[in-house]
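Good morning, and thank you for joining this meeting.

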Amino acid sequence: MSAEFVPIFGDSIRMTREVLYTKDAQPFLISGSGTLGWDQVSANLVEPGERALVLNTGYFGDSFADCLQTYGAEVDQIRADFGATVAPAEVEKALAAKKYKIVTITHVDTSTAVLSDPKAIADVVKRVSPDTLVVLDAVCAVASEEIQMDAWGIDVVLTASQKGLGAPPGLSIVIASQKALRVFESRESKVTAFYASWKRWLPVMRAYESGSAAYFATPPVNLVYAYHASLTQILKGTPSLEERFRLHRATSNRVKAAVKDLGLSEVPVDPHAAANGMTAIYCPAGVKASDLLPAFLQRGVIVAGGLGSRKGTSPSSALPMLSLTATQTITSA
Ligand SMILES: Cc1ncc(COP(=O)(O)O)c(C=O)c1O
């Protein structure tokens with residue numbers, strides 16, 4: 001709560017808005033990983049018994065659905081085929097059949113590197129069911145994929161410090177539109193979470209932004225300083241935010257071209273629906289990920305194995321999966 005920390009926190013809140021191209025959405029910067037964003041959405045925006053529609057493009061869709069159910073939501077899911085996205089027409093059909101409080105989209109599912117189109121989905125939601133909130137899990141997307149929160153009509157973006165934002169892990173970053181806050185403020189039942197309740201965090205965020213400290217639970221001071229340094233680099237440094245997105249695409253295209261040259265295939269089935277901050281590929285036939293990863297590491301290249309129930313295998317060919325991250329290349333580009 002020291003005086004020199006107050007503007008660091010306040011600026012971090014303001015700069016978070018800039019990264020998401022929003023004028024008046026409310027950022028929440030809270031100690032916790034990206035997962036805490038699911039808890040915040042589930043606890044604050046969906047009352048027990050209300051319906052949520054999860055557009056599932058991989059492992060992280062399963063977990064978001066699980067979290068929503070934990071807080072009492074009635075969850076329906078539209079599951080994309082492995083490596084594919086959910087078509088807007090399917091969302092339209094589901095919204096026409098039932099009323100949903102929220103629709104969740106995983107912008108980039110880290111288990112598949114599938115890139116959803118949040119603008120196209122939000123357009124459908126606004127047209128067919130304008131009261132439904134559009135929630136974007138952008139843990140693996142913010143600052144590596146463009147997100148125009150206001151222009152696209154996204155009501156909540158949830159993310160974390162450790163991926164495109166380039167800070168150490170441990171900071172949950174959630175940005176809620178004024179519409180989402182009104183929905184929160186008009187809820188009938190009590191929030192069934194203590195730490196994740198916006199009732200407790202909203203006064204803290206507002207106080208820091210207006211220049212004074214406030215306390216509900218100790219903020220992760222060191223992480224907020226690191227996050228502030230990252231945001232300053234992203235917004236005020238070279239490259240600019242727009243140039244950064246272009247560089248992510250260019251770097252990603254280079255990685256993907258090299259993958260193709262090696263005769264390997266990517267998990268996303270449509271090249272236009274593949275992430276720019278990471279690349280998910282299948283191992284060559286007969287090669288185990290556990291043999292390959294140390295060889296990469298020896299050459300200073302960090303590659304992760306797959307995630308979730310599909311870890312290490314593709315359903316059709318039983319090939320192990322690998323994820324490459326191009327973010328480091330951008331930082332030094
Ligand atoms: C798309 C997505 N959502 C949620 C999470 C969960 O974030 P965390 O591991 O920081 O809790 C991740 C983590 O990789 C993710 O990629």
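How many residues surround the ligand, and which are the closest? In this predicted model, the ligand is surrounded by 13 residues. The closest among them are Ser33, Thr35, Thr110, Asp137 and Lys163.

Let me describe three of these residues in turn. The side chain of serine 33 has an N or O atom 2.5 Å from an oxygen atom of the ligand. Threonine 35 places a polar side-chain atom 2.6 Å from an oxygen atom of the ligand.

I turn now to the helices. In general, a pair of packed helices is described by the angle between the two axes and by the distance between those axes.

Our opening pair is helix 4, residues 88-97, and helix 5, residues 118-128. Their axes come within 9 Å and cross at roughly 25 degrees. Since an angle under 35 degrees counts as roughly parallel, helix 4 is roughly parallel to helix 5. The crossing of these two helices is right-handed. On the side of helix 4, the contact is made by Pro88, Val91, Glu92, Leu95 and Ala96. Helix 5 contributes Ala120, Ile121, Val124, Val125, Arg127 and Val128. By class, the contact of helix 4 with helix 5 comprises 9 nonpolar residues, no polar residues and 2 charged residues.

Next come helix 7, residues 178-185, and helix 8, residues 198-209. Here the axes come within 12 Å and cross at roughly 135 degrees. Helix 7 and helix 8 are therefore oblique to each other, and helix 7 passes helix 8 in a left-handed crossing. Leu181, Phe184 and Glu185 of helix 7 meet Trp198, Lys199, Leu202 and Arg206 of helix 8. This contact of helix 7 with helix 8 has 4 nonpolar, no polar and 3 charged residues.

Helix 8 also packs against helix 1, residues 5-19, at an angle of about 105 degrees, with the axes 7 Å apart. How are helix 1 and helix 8 placed, parallel or perpendicular to each other? They are roughly perpendicular. Helix 1 makes the contact through Phe5, Val6, Phe9, Gly10, Ile13, Arg14 and Arg17, and helix 8 through Met205, Tyr208 and Glu209. The contact of helix 1 with helix 8 divides into 6 nonpolar residues, 1 polar residue and 3 charged residues.

Thank you for your attention.

Terms used
Residues numbered from 1 in each chain as written. Predicted model: local features only at pLDDT ≥ 70, side-chain atom pairs only at ≥ 80, totals over all residues. Heavy atoms only, no water. Axes fitted to C-alpha atoms, helices over the stretch in contact; angles between N-to-C directions. Helix = DSSP H or I, 4+ residues; strand = E, 2+ residues; numbered from the N terminus. Parallel < 35°, antiparallel > 145°, perpendicular 65-115°, else oblique. Left-handed = near helix turned anticlockwise from the far one by under 90°. Contact = heavy atoms within 4.5 Å. Nonpolar A, V, L, I, M, F, W, Y, C, P; charged D, E, K, R; others polar. Near = heavy atom within 4 Å. Polar contact = N/O pair within 3.5 Å; in protein donor to acceptor, adjacent residues only side chain to side chain.
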